[in-house]
Amino acid sequence: SKLNVLKMPRDLAAARMRRGGVADEDIEALKADKAHAMRLAKLAASASARSAAPAPPGKGGAPPPKPAAQSAPADVVKYRAMEAFKSAELSFEKGATVFVVGTPGGDGMVQGVVGGKAGKVDFSKLKKITPELLEAERKQREKDIEEARVEEEKALREEMEQMKLSGPAKGGDTPAPVAGQAKSAEQVAYEEELERKFEEERKSLLEEEEKLKAEAARIEAMLAALDED
C-alpha cells in the first residue's frame with residue numbers, strides 16, 4: 001500500500017521567519033517621507049528669511065538694503081522610534097523610521113515625518129539611526145530568522161516521530177511496532193521515507209534561512225543608502 005508520508009509545511013513558516021523584515025515598498029515609502037521632510041525644511045528656511053527681512057524705507061528715505069540671504073535648511077536626520085507614539089497629527093509604532101527636521105524645542109517636541117504625515121514628535125522616544133544601529137538590527141533579524149528555523153525544524157522532527165509511532169497504515173490492519181519487537185519491512189521502508197522527506201524539508205528550511213539572511217543584509221544597505229539620496 002502507498003506510504004502515508006510526512007506532510008511538511010511548504011511555506012517554511014514564512015510569517016515567523018520574516019520577523020523584522022522591511023519590504024521594497026516600505027523603502028519607497030521611506031524615500032517619500034525623506035523627500036517630504038526636506039521640503040518642510042526648505043519651506044521653514046524660506047519663511048525664516050522672509051520674517052528676518054527689514055521693513056522697506058519710507059518715501060524719500062535711504063535705498064532698500066540688499067535682501068537677507070536665505071538661511072540653510074535645517075538638517076533632516078532619520079531616527080528609530082523606541083516607543084509607539086500617537087497624537088492628533090500622526091502616529092507610529094515602535095521600530096518606525098522617523099525623519100526629523102531640525103532640533104527639538106524647549107518642550108522636547110520636534111518636527112517629524114512618518115507614514116506620509118508630518119507633525120510634532122516627542123524627541124525622547126527617538127534614537128538616531130547610525131551604521132552601528134543598522135548593523136545591530138540586521139544581526140537581530142538574523143538571530144530571529146535562525147531561531148525560527150530551529151523551531152520549525154524541531155516541530156517537523158516531532159511530527160515525524162509521531163508518525164513513526166503511528167505506523168505506515170494508520171487506521172489500517174498493520175499496527176505500529178511494539179518496543180523490543182522487530183520492525184516489519186513495511187515499517188522500515190516507511191521510516192526511511194519519512195527520514196528522506198524530513199531531510200528534503202530541512203534542506204529547504206536552511207536554504208530559506210540563508211535567503212532571508214541575505215535579505216536582512218540588503219535591508220541594512222537600503223536603509224543606509226537613504227542618507228545618500
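**Close-up views of a predicted model**

**View 1. Lys78 and the residues around it.** Lys78 has a relative accessibility of 4%, so it counts as buried (under 20% relative accessible area with a 1.4 Å probe, protein chains only; exposed would be over 50%, partly exposed in between). You can find Lys78 in strand 1. Leaving aside residues up to four places away in sequence, Lys78 touches, among others, Thr97, Phe99, Lys128, Leu223 and Leu226 (contact means heavy atoms within 4.5 Å). This is a predicted model, where local features need pLDDT of at least 70 and side-chain atom pairs count only at pLDDT 80 or more, while totals for chains, interfaces and linings use all residues. Residues are numbered from 1 along each chain as its sequence is written, and side-chain values use heavy atoms, with hydrogens and water left out.

View 2. Strand 1 (residues 76-81) and strand 7 are joined by 3 bridges, and Ala81 stands opposite Leu126 in strand 7.

**View 3. The largest nonpolar core.** Among its 13 residues, Leu30, Ala37, Phe99, Leu223 and Leu226 touch the most other members (such a core is a set of buried Ala, Val, Leu, Ile, Met, Phe, Trp, Tyr and Cys residues joined through side-chain atoms within 4.5 Å). Leu226 also touches Lys31, Lys34 and Lys78, not counting residues up to four places away in sequence.

Technical notes: Pairing = 2+ DSSP bridges. Helix = DSSP H or I, 4+ residues; strand = E, 2+ residues; numbered from the N terminus.
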